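Please read the points below with the model open beside them. They go from the whole chain to single residues.

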Amino acid sequence: MDKDDLILPKDFPELKNDAFLLACRGQETPHVPVWCMRQAGRYLPEFRESRAGKDFFATCRSPAACCELTLQPLRRFPFDAAIIFSDILVIPQAMGMDVQMVAGKGPTFPEPLKEPEDLLLLQSKVDVIKELDYVFKAITLTRHKLEGKVPLIGFTGAPWTLMAYMIEGGASTTQSKAKRWLYRHPEASHQLLKMLTDIIVEYLLGQVAAGAQALQVFESHAGCLGPVEFQEFSLPYLRDIARKVKDQLKESGQDVPMIVFAKDGHYSLEDLSQSHYEVVGLDWTIDPRSARERTGGKVSLQGNMDPCALYAPKERISEIVKKMLEGFGTRGYIANLGHGLYPDMDPENVGAFVEAVHTHSRHLLNLKSALGEGKLILDLNLEETCVKHGLGKQFRRFLVGWMTLKQQLTWRRCSPFHLDTYDTLSQCRIRLTLIVL
């Protein structure tokens with residue numbers, strides 16, 4: 001027996017950096033936390049060296065290998081979270097399907113599901129603890145080896161995304177075979193989605209028991225569904241997963257934040273923000289300010305820089321990050337990419353991304369702190385301010401007539417980037433909302 005097999009999911013080191021967990025819950029942080037999807041990946045030379053000549057899923061079944069690959073990016077970059085190295089397709093494997101990682105092609109199912117009768121070939125009652133024990137051991141080992149540096153994220157694929165792989169037999173741009181099931185075999189589709197949901201709930205609970213401190217659910221194929229199909233075949237199961245996991249964790253006095261990432265599911269933001277997840281992940285097609293407005297402050301947000309922006313020079317990456325932070329604000333926000341890192345990306349540019357998030361967010365937080373103390377007294381020319389912000393002439397004349405042209409105003413923070421100004425003499429509640437540029 002390997003000595004690592006003797007490590008138990010208890011007596012974990014004390015967490016030293018909880019910025020990510022605080023942001024998940026919408027609390028104040030010393031800086032905006034940042035991590036990257038696929039941060040343990042082929043863009044790292046050490047990852048390629050570790051994986052050379054080894055079968056992908058054999059690596060996934062090795063707790064020691066998964067631990068090492070999870071830790072590699074943390075040695076290079078000051079990420080604020082780690083995500084366990086694994087794969088979403090370990091669930092179909094646990095259900096009895098053969099899944100292979102084919103070079104140049106990706107994940108491949110030699111015998112995908114073709115007709116509803118094929119559901120009888122699946123193991124409907126999966127012993128999750130037994131079949132996916134290697135994932136749990138990897139999480140426990142990694143949690144200890146992290147030594148409390150940052151929180152560890154566990155994850156799963158969502159039911160619709162897993163179903164699509166199981167029917168398509170691999171990657172697909174249209175998911176036409178899987179969508180054919182939705183239209184031609186809706187009852188069988190719901191049967192499979194329900195089977196997957198039950199397994200996922202037990203799988204996520206097992207990850208928490210093993211030491212995961214947050215959970216992310218990847219609905220990677222949301223964009224292949226329209227709003228109507230998403231409402232029927234994805235959203236109910238995403239909600240069931242979060243509700244059932246949280247209900248069972250609550251019984252044992254545990255509270256683990258959950259993230260849902262529905263790629264290209266911009267049409268569902270309002271629904272996702274009311275689906276029992278603390279965090280909604282965003283791809284790069286969504287405007288940060290629009291996302292804030294549409295989610296109404298109900299959840300924290302994660303994302304959403306275009307991964308291809310990492311091909312830009314470092315100075316440009318810094319500018320893009322600054323603009324992204326100004327859009328999202330600094331509270332209830334986790335910086336990430338809108339999708340995973342690509343194999344040909346330069347690790348130095350990933351480092352520039354992380355540094356820019358930390359640097360710009362600390363600057364913004366220092367500004368908020370100064371303005372939020374209520375001690376900053378400024379001489380403000382209201383007429384010039386109104387012109388600058390494009391306010392109407394009548395409103396400008398009203399404000400100028402109501403207050404002296406240069407009057408001392410006390411500024412107080414009311415949201416990440418909007419400040420209310422008040423007349424300190426009369427304490428009148430009429431306000432002028434300004435944007436800190």
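**Notes on the predicted model**

1. Strands β4 (residues 152-157) and β5 (residues 214-219) run parallel to each other and are paired through five bridges. Within this pair, G154 has L215 of β5 as its bridge partner. Please keep in mind throughout that the model is predicted.

2. The two strands belong to an open sheet of seven, with parallel pairing and the order β1-β4-β5-β6-β7-β8-β9. At the edges are β1 (82-83) and β9 (333-337), each of which pairs on one side only. In the protein there are 18 helices and 13 strands.

3. Further along the sheet, β7 (residues 279-281) is joined to β8 by three bridges, again in parallel. V279 is placed opposite S300 of β8. As for cover, six of the six residues of β8 (residues 300-305) are buried, and the strand is described as mostly covered.

4. Across β5 and β6 (258-262) lies helix α12 (residues 235-251). The angle between α12 and β6 is about 170 degrees.

5. Of its 437 residues, 54% are buried. When contacts between residues at least 6 apart in sequence are considered, 72% of them join residues at least 24 apart.

6. Which residues have the most contacts inside the largest nonpolar core? They are F20 and F353, in a core of 131 residues. Helix α10 gives the largest share of this core, with 13 residues. Beyond its neighbours up to four places away in sequence, F20 touches P33, W35, D80, A81, P151, I153, A214, I259, Q302 and I334.

7. Helix α10 covers residues 186-210, 25 residues in all. From its first C-alpha to its last the helix reaches 36 Å, close to the 36 Å expected at 1.5 Å a residue. The residue that follows α10 is G211, and its phi is positive, near 130 degrees.

8. Q213 sits in the loop that leads from α10 to β5. Is this residue buried or exposed? Its relative accessibility is 12%, so Q213 counts as buried, the cut-off being under 20%. The Q213 side chain has a polar contact, at 3.3 Å, with the side chain of R143. Apart from residues up to four places away in sequence, Q213 touches L15, L21, R143, V150, P151, L152, V256 and P257.

9. R143 is also one of the buried residues of helix α7, which are Y134, V135, F136, A138, I139, T140, L141, T142, R143 and H144. Why is α7 described as largely enclosed by the rest of the structure? The reason is that 10 of its 13 residues are buried. These buried residues pack against α3 (56-60), α4, α5, α6 (128-131), β4 and α10.

10. Just after the helix, E147 has a positive phi of about 55 degrees.

11. T70 belongs to helix α4 (residues 63-76) and is buried, at 1% relative accessible area. Its side chain reaches the backbone nitrogen of F85 at 2.9 Å. T70 and I83 are 13 residues apart along the chain, and their C-alpha atoms are 6.6 Å apart. Residues up to four places away in sequence aside, T70 touches A40, A82, I83, I84, F85, T142 and L152. Among these, T142 is a buried residue of α7.

12. With a relative accessible area of 1%, L89 is buried. Which residues is L89 in contact with, leaving aside those within four places in sequence? They are F57, V99, P107, F109, L162 and Y165.

How values were computed
Residues numbered from 1 in each chain as written. Predicted model: local features only at pLDDT ≥ 70, side-chain atom pairs only at ≥ 80, totals over all residues. Heavy atoms only, no water. Pairing = 2+ DSSP bridges. Helix = DSSP H or I, 4+ residues; strand = E, 2+ residues; numbered from the N terminus. Contact = heavy atoms within 4.5 Å. Axes fitted to C-alpha atoms, helices over the stretch in contact; angles between N-to-C directions. Expected span 1.5 Å × (residues − 1). Buried < 20%, exposed > 50% of the residue type's maximum accessible area, 1.4 Å probe, protein only. Polar contact = N/O pair within 3.5 Å; in protein donor to acceptor, adjacent residues only side chain to side chain. Core = buried A, V, L, I, M, F, W, Y, C linked by side-chain atoms within 4.5 Å.
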